Amino acid sequence: MRRRPPLRPAAILKNLTALALAAVFLFPVYWMFSSSLKPQHEILSKDPVFLFTPTFENYPTATGVDLFWTFVRNSLIVTLGAVLLALLVALAASFAIARMKFKGRKGMVLVVMMAQMAPWEVMVIAMYMIARDGAMLNSIPLLTAIYFVMVLPFTIWTLRGFIAAVPVELEEAAQIDGCTRGQAFRKVIFPLLAPGLMSTSLFGFITAWNEFAMVLVLNKDKEAHTLTLWLTQFQTAFGDDWGATMAASTLFALPVLIVFLFLQRRAVGGMTAGAVKG
């Protein structure tokens, strides 16, 4: 058997640095999860408590909030709806930008980049006035449309890079064999876009799932709330219920973690490749 060569000092330093960074980023997640399993007096203890007897009493408190499953339904509707709509529109837009030559193409790319860089929080007041004047406050469809517009620019920009990376000769060969341009896209380009679709879906899911400002301002009716507002509800006459808050935060993070673990192989490559190609 071949012996593995010993690690060089530079490689050891890189590994140690990576472990240290991982510990820094993972510690808040560990502290959130461990706090969700602690009784209230240990969470509020002056000294950090690392060894404790786990308790699950905080989770029934978190999920026992009125309309909890309504909040879950609303979050899933606006998040999945926004992501699916963004993918459908972005596929057509990114194909046009990457493959077609038309007047104003560069200007369209510039507009997409500017929309991606714009902070959406500055639009909250304008969105509220439009929703109020149009009698659309407390509307789940309106919230879905807003989240769709928020994730669309990144989706277009990333998928554009993936489509541009596919050799145009493959598409032309399919057309020579009798495919229309639409069939060539569906049979040749679309199957090669899996990493891009995964990475953009993950980004869109995280963006819409975590969004707070829009739903706070536009949806005052409790039945139109999402899980982001659910996280703000754990207060008692004695102050914040940190155990329930940490349990709620853990439950809130689980869908994102599950989606990431499911998509991670293709998503990681997609986030780097789609951003630099084309």
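Is Asn210 buried, partly exposed or exposed, and what is its relative accessible area? Asn210 is partly exposed, with a relative accessible area of 39%; buried means under 20% relative accessible area, exposed over 50%, and partly exposed in between, with a 1.4 Å probe and protein chains only.

The legends below describe a predicted model, in which local features need pLDDT of at least 70 and side-chain atom pairs count only at pLDDT 80 or more, while totals for chains, interfaces and linings use all residues. Residues are numbered from 1 along each chain as its sequence is written, and side-chain values use heavy atoms, with hydrogens and water left out.

**View 1. Asn210 and Ser199 in helix α10.** Asn210 lies in helix α10, which covers residues 194-210. Helices are DSSP runs of H or I with at least four residues, numbered from the N terminus. In sequence, Asn210 and Ala253 are 43 residues apart, and their C-alpha atoms are 9.3 Å apart in space. Ser199 is also placed in α10, and at 1% relative accessibility Ser199 is buried. From the side chain of Ser199 to the backbone oxygen of Gly196 is 3.1 Å. This is a polar contact, that is, a pair of N or O atoms within 3.5 Å, where within protein one must be able to donate a hydrogen and the other to accept it, and residues adjacent in sequence count only if both atoms are side-chain atoms.

**View 2. The salt bridge of Arg132 and Asp133.** The structure holds one salt bridge, a term for a side-chain nitrogen of Lys or Arg within 4 Å of a carboxyl oxygen of Asp or Glu. Arg132 and Asp133 form it, with 3.2 Å between the closest N and O atoms. Arg132 is partly exposed at 42% relative accessibility, whereas Asp133 is exposed at 61%. Side chains of opposite charge can pair when their charged atoms come close.

View 3. Leu254, Leu257, Ile258, Phe260 and Leu261 make a nonpolar surface patch of about 450 Å². Patches are made of residues with over 30% relative accessible area and no salt bridge; nonpolar side chains (Val, Leu, Ile, Met, Phe, Trp, Tyr) are joined within 5 Å, and like charges within 9 Å. Areas come from the Shrake-Rupley method with a 1.4 Å probe; for residues, only the protein chains shown count as cover. Leu257 belongs to helix α13 (residues 242-276) and has a relative accessible area of 44%, partly exposed.

View 4. Helix α1 (residues 9-36) has 28 residues. From its first C-alpha to its last, α1 reaches 40 Å, close to the 40 Å expected at 1.5 Å a residue; the expected span is 1.5 Å times one less than the number of residues. At Leu26, shortly before Pro28, α1 has a kink of about 35°, the angle between axes fitted to the seven residues ending there and the seven starting there. The buried residues of α1 are Met32, Ser34, Ser35 and Ser36.

View 5. Leu67 lies in the loop between α3 (58-63) and α4 (68-99), with phi near 65°. Leu67 is partly exposed at 31%. Ala135 sits in the loop between α6 (124-133) and α7; its phi is near 55°, and Ala135 is exposed at 71%. Most residues other than glycine have a negative phi.

Methods:
Helices (H or I, at least four residues) and strands (E, at least two) are DSSP runs, numbered from the N terminus.
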